[in-house]
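Here are my notes from going through the model. Have a look at the fold first, then read on.

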Amino acid sequence: MSYSVTWAAERLNKNEQNKLQEDGLDVFKDLPELIKKPFSEIDKSYYMYFKYAGLTVQKPQDKGLFMMRVKIPGGVITVAQGDHLAQIGRDYGHGDIDLTTRQAVQYHWIPFEKLVDIFAGIEAVGLTTAGAEGDITRNVIDNPLAGIDPNELFDTRPTVLAVNQRFQGNRDYSNLPRKMKISINTNIFNAGNAEINDLALIPAVKTIDGQAVQGFNVKIGGGLGMKPYLGLASNIFVTADQVPDLAEVVVQLYRDNGYRRSRGKARLKFLIQDWGIAKFEAKIREQLPDLQTAGQSLVKGWTNGTALGLHPQKQAGYYYVGVSIPAGRLKADQFQAFVDLARQYGRDELRFDHSQNLIIPWIKAVDLPAVKAAAIFKDFSYQPQKLIDFGTTCTGAEYCNLANAHTKEIFKPLLAQLDAKFQFEQPPHITLTGCGNGCAHRSIADIGIEGIHAKTAAGDRVEAYKLSVGGSLLKGGHFNELLKGKFTKDQLPGAVGAILQDYQAHQAAGETFYT
Ligand code: SF4
């Protein structure tokens, strides 16, 4: 550890005390010995270290099975990596692959005793799970169309990789108070979901010495979860080559000043709310005194981080297809079919977006008919137009230890009922989460459904859901607002249907759910 531990005198929560004993990234060093024991002999206090390897002990907790997340900076993989990700799903994940809202993939049922072999295979194809969870910088996200996007200011992939390289495996930043989420994007429709990240770089231009310079304005302190906050605009402009240094200073300030007494208050957003953005910016400038003041933001709207459908790239003659993956879950063999499609008609590449979908880029115009005719598009849509195509849902009570209610199992039938009844030119964004955490972005959905516990008249505890409406990241962002009432899963089609009916009845021409 090359930095001084300035917070050690503070009253630390249990996780913090543990982290002072052993660095989270040591989990990779510990694993070869650990897997020689039965999982039941692993002390529960060790479970937090698994997170640093992208692992969460899955329900039921005594079986030695894990949710495993693979980190994919910017959400871009090669077809060889895609082959391997499909293979993991087939060999260890009960045949399933889940796509996340941060351009990563995750699995369930990963067996404890196979972890070392699985990690060796992941490393061999140039990927890692290190830092996919834990109190560390998480997967750095990008515009899902970076480099091929007609609506981007410039290609952000090199910047994303440079920032990832600055933090990946870096033990100066492996003991943060909680997670740190970074978004880098120059799509003018806010494809990086800037305001819900701890640190967000958004497209901007600045006149410097009479020249218009392309770069980023900076937002800091956003995050979802039980107490969501929107990132606040700083008065900072950076060029792409300055981003890794800026990110390092922000993470360092968070590491040294973030709260470590209560995990519920440990995210950067709470420090920013207490200090104010001006004080945080002044602290940044103490270390980076030459930073420019903010430029002109080029953000004009919001895509919800999706890129669905068949569209031309900025490179003439090439197209990408954004494929809707309902509920973010597909079979490993279906995933393999997309990898094979990319291999045959694309350019050694697949991508993931921020709404649990995948993208195949670099399709030549001449190949579009063949791609559209591919057998896999009998199961998935390349022309998404339904509510299910634009919805997202988290893991929920099927596997997640924090969930109050089930999600993926009820999401598809719920939205199928609604799709049978309603048609929209631009379908509203519906999310379903199993608890108040932000894994499926409930707070910024047009209609957010959140799992809660409720009691029947007889006093029995049951799963129920509450509804919020009107979330968006348009115009700097607005969290959705809670409606009165609790609903069982059987009541949800009626309750959500009533909202959609009202929206359709009163929608003015060109009006979206939020505006
Ligand atoms: Fe689990 Fe809650 Fe996250 Fe859903 S939102 S995956 S229930 S922590």
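Which strands form the open sheet, and in what order? The sheet has 5 strands in the order 17-18-19-20-21, with mixed pairing. Before the details, two reminders. This is a predicted model, where local features need pLDDT of at least 70, side-chain atom pairs count only at pLDDT 80 or more, and totals for chains, interfaces and linings use all residues. Residues are numbered from 1 along each chain as its sequence is written.

1. Two strands count as paired if DSSP finds at least two bridges between them.

2. Strand 17 and strand 18 (residues 430-433) run parallel, over 2 bridges. In this pair, Thr392 is opposite Thr431 of strand 18.

3. Strands 9 and 10. Strand 9 (residues 211-220) is antiparallel to strand 10, with 4 bridges joining them. Asn217 faces Phe237 of strand 10. Strand 10 (residues 232-238) is mostly covered, with 5 of its 7 residues buried (20 or more other C-beta atoms within 10 Å of the residue's own, C-beta atoms being placed from the backbone).

4. Helices 13 and 14. Helix 13 (residues 408-421) packs on helix 14 (residues 492-506) at about 40 degrees, axes 10 Å apart. The axes are lines fitted to C-alpha atoms over the stretch in contact, and angles run from 0 to 180 degrees between N-to-C directions. That makes helix 13 oblique to helix 14 (oblique is what remains after under 35 degrees as roughly parallel, over 145 as roughly antiparallel and 65 to 115 as roughly perpendicular). Helix 13 supplies Leu414, Gln417, Leu418 and Lys421 to the contact, and helix 14 supplies Leu492, Pro493, Val496, Gly497 and Leu500 (contact: C-beta atoms, placed from the backbone, within 7 Å).

5. Helices 7 and 9. Helix 7 (residues 243-257) and helix 9 (residues 277-287) pack at about 120 degrees, again with axes 10 Å apart. At that angle helix 7 is oblique to helix 9. Val249, Val250 and Leu253 of helix 7 meet Phe280, Lys283, Ile284 and Gln287 of helix 9.

Terms used: Two residues are in contact if their C-beta atoms, placed from the backbone, lie within 7 Å. A residue is buried if 20 or more other C-beta atoms lie within 10 Å of its own, exposed if 12 or fewer, and partly exposed in between; C-beta atoms are placed from the backbone.
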